[in-house]
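Here is a briefing on one protein model. Please keep the sequence and coordinates open while you read.

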Amino acid sequence: NLKIEQIGDITWLIDLYDKAIQNFPNDDWNIRSKALILLRIGQQDEARAIYKKLCLKMGEKYYIWSEFADCLNNINVKISLLCKAISLEKNEDFIGKIRLELARLLIKLQEYENAIVELEQYKTHYTKMGWHLNADVDNLINQCCNASPTKDRNKSFYIEKSHFAENYAYADIPYTEMTLVDIHKNENGKERLFFVNENGIEFAVNKNRFPLLIKSHKGQVWKFKLH
């Protein structure tokens with residue numbers, strides 16, 4: 001973070017982005033850029049409010065969740081947001097630093113079995129690519145020397161923490177009751193569930209999108225957060 005006396009030197013840039021956002025309110029990149037600047041100068045609360053909105057508009061982007069984690073001091077929430085980021089991005093080239101940060105936090109909580117998975121994947125990929133390894137990685141691995149990696153390589157851990165991350169990000173959205181009215185398979189043989197409510201809202205989802213829906217049946221009423 002910049003020192004407090006340096007903040008005045010960059011306020012002109014925040015003002016510039018405010019004007020750009022005002023003129024182009026649907027340009028999410030300007031909004032994100034402003035949030036990154038706020039993070040840089042230590043205005044976490046302001047940045048956090050922006051990232052909550054960005055999670056609604058750009059929630060499929062791994063870096064939004066990773067940057068969101070930088071807005072927080074609560075270690076458990078940070079871990080959940082980083083897990084959400086990792087679960088979204090399949091290209092290891094982009095998530096090595098996220099894995100390393102996640103491992104550091106897990107070690108603080110003495111969750112060594114989860115931490116060693118992240119460290120091994122980080123080191124293996126960076127070594128394979130011939131990239132420079134962080135100087136602390138071997139020290140971090142030594143702190144986990146008595147731990148065995150989780151059997152599923154943190155897959156269930158990511159799912160659990162990602163649900164927590166989503167609940168945190170979308171906490172301000174009220175629930176809407178929806179009735180399951182139809183179930184049928186699409187051209188690919190995947191089951192689709194169709195929901196409607198009394199206000200005319202309707203949508204369809206893949207049955208496997210939400211684990212709770214796997215054993216659902218017609219006529220059931222479910223609560224969704226809609227955006």
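Arg 99 and Glu 118 form a salt bridge, with their closest N and O atoms 2.8 Å apart. Arg 99 lies in helix H6 (residues 96–108) and Glu 118 in helix H7 (residues 112–129), so the pair ties together parts that are 19 residues apart in sequence. This is a predicted model: local features need pLDDT of at least 70, side-chain atom pairs count only at pLDDT 80 or more, and totals for chains, interfaces and linings use all residues. Residues are numbered from 1 along each chain as its sequence is written, and side-chain values use heavy atoms, leaving out hydrogens and water.

**Terms**

- A salt bridge puts a side-chain nitrogen of Lys or Arg within 4 Å of a carboxyl oxygen of Asp or Glu.
- Helices (H or I, at least four residues) and strands (E, at least two) are DSSP runs, numbered from the N terminus.
- Buried means under 20% relative accessible area, exposed over 50%, and partly exposed in between (1.4 Å probe, protein chains only).

**Salt bridges**

- The structure holds 13 salt bridges.
- Arg 99 counts as buried at 5% relative accessibility, and Glu 118 counts as buried at 0%.
- Lys 218 and Asp 182 meet through their side chains in a salt bridge (3.6 Å, N to O).
- Lys 218 lies in the loop between strand S3 (202–206) and strand S4 (221–225), and Asp 182 in strand S1 (residues 175–185), so this pair ties together parts that are 36 residues apart in sequence.
- Asp 182 counts as partly exposed, at 28% relative accessibility.
- Asp 18 is partly exposed, with a relative accessible area of 31%, while Lys 34 counts as buried at 18%.

**Helix H2**

- H2 (residues 28–40) has 13 residues.
- From first C-alpha to last, H2 reaches 18 Å, close to the 18 Å expected at 1.5 Å a residue; the expected span is 1.5 Å times one less than the number of residues.
- Buried residues of H2 include Asp 28, Ile 31, Ala 35 and Leu 38.
- The buried residues of H2 pack against helix H1 (11–23), helix H3 (44–57) and helix H4 (62–69).
- Asp 27 caps the N-terminal end of H2, with a side-chain oxygen 3.0 Å from the backbone nitrogen of Trp 29.

**Nonpolar cores**

- A nonpolar core is a set of buried Ala, Val, Leu, Ile, Met, Phe, Trp, Tyr and Cys residues joined through side-chain atoms within 4.5 Å.
- The largest nonpolar core has 50 residues; those with the most contacts inside it are Tyr 51, Trp 65, Phe 68, Leu 81 and Leu 119.
- Leu 119 touches residues including Leu 100, Ile 107, Val 137 and Cys 144, not counting residues up to four places away in sequence; contact means heavy atoms within 4.5 Å.
- A second, separate core of seven residues includes Met 178, Leu 193, Val 205 and Leu 213.

**Cysteines**

- A search of the whole structure finds zero disulfides; a disulfide is a pair of cysteine sulfur atoms within 2.5 Å.
- The sulfur of Cys 145 is 8.1 Å from the closest cysteine sulfur, in Cys 144, too far for a bond.
- Cys 144 counts as buried at 2% relative accessibility, whereas Cys 145 counts as exposed at 56%.

Key:
A polar contact is a pair of N or O atoms within 3.5 Å; within protein, one must be able to donate a hydrogen and the other to accept it, and residues adjacent in sequence count only if both atoms are side-chain atoms.
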